[in-house]
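Colleague: Could you take me through this chain, beginning with the loops and then moving on to the strands and the overall shape?

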Amino acid sequence: QVQLVESGGGLVQPGGSLRLSCTASGGIFNINTMGWYRRAPGKQRELVATFETSGTTNVADSVKGRFTISRDNAKNTVYLQMNSLKPEDTAVYYCNVLGIMNLRPYTYWGQGTQVTVSS
């Protein structure tokens, strides 16, 4: 059974940093894209950053220059380094993977990890 295990969330003061990680396991193959989304209270889920197997990254304008996404293909792990955090970054952050298995596309989501930016 495929699992996405996230870690690294928590409470941090404005201007601080956190690093999220997400590892996919359970017989998952042919991952194309790994990424992060977030949902703030009262808002819709939004893309934060994605990292394709080709090396192409996509980073939301709201976090560009502050957040960095990286990926370890050998470990099926994606990271999100978050610097200069702002209160508006407070949200539940979800890991997502996209790929193809047995000629069918698939997507999986992590359980979410809370990030709270507050003094």
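Colleague: Is Asn 102 buried or exposed?

Modeller: This is a predicted model, in which local features need pLDDT of at least 70 and side-chain atom pairs count only at pLDDT 80 or more, while totals for chains, interfaces and linings use all residues. Residues are numbered from 1 along each chain as its sequence is written, and side-chain values use heavy atoms, with hydrogens and water left out. Buried means under 20% relative accessible area, exposed over 50%, and partly exposed in between, with a 1.4 Å probe and protein chains only. Asn 102 has 72% relative accessibility, and it therefore counts as exposed.

Colleague: In which loop is the place of Asn 102?

Modeller: Strands here are DSSP runs of E with at least two residues, helices are runs of H or I with at least four, and both are numbered from the N terminus. Asn 102 has a positive phi of about 55° although it is not a glycine. Most residues other than glycine have a negative phi. The place of Asn 102 is in the loop between strand S9 (91-101) and strand S10 (104-109).

Colleague: What phi does Asn 30 have?

Modeller: The place of Asn 30 is in the loop between strand S3 (18-25) and S4, and at 56% relative accessibility the residue counts as exposed. Asn 30 is not a glycine, yet its phi is positive, at about 55°.

Colleague: Which residue takes a positive phi in the hairpin of S5 and S6?

Modeller: S5 pairs with strand S6 (residues 57-59) in the antiparallel sense over three bridges, and Ala 49 stands opposite Val 59 in S6. The hairpin has four residues between the strands, and the residue with a positive phi, near 105°, is Gly 55.

Colleague: How far apart are the C-alpha atoms of Ser 54 and Thr 33?

Modeller: Ser 54 lies in the loop between S5 and S6, and this residue is exposed because its relative accessible area is 59%. Ser 54 and Thr 33 are 21 residues apart along the chain, and their C-alpha atoms are separated by 8.9 Å.

Colleague: Which residue in S3 is the bridge partner of Glu 6?

Modeller: Strand S1 (residues 3-7) pairs with S3 in the antiparallel sense over five bridges. S3 is also joined by six bridges to strand S8 (residues 77-82), with the two running antiparallel, and there Leu 18 has Met 82 in S8 as its bridge partner. For Glu 6, the bridge partner in S3 is Cys 22.

Colleague: What radius of gyration does the chain have?

Modeller: The chain has zero helices and 11 strands, and its C-alpha atoms fill a box of roughly 50 × 25 × 25 Å along the principal axes. The radius of gyration is taken over C-alpha atoms, and the globule rule is 2.2 Å times the number of residues to the power 0.38. With 119 residues, a compact globule would therefore have a value near 14 Å, and the chain agrees, at 14 Å.

Colleague: What percentage of the 119 residues is buried?

Modeller: Contact means heavy atoms within 4.5 Å, and of the contacts with a separation of 6 or more, 55% are between residues 24 or more positions apart. Of the 119 residues in the chain, the buried ones make up 43%.

Definitions and conventions. Pairing = 2+ DSSP bridges.
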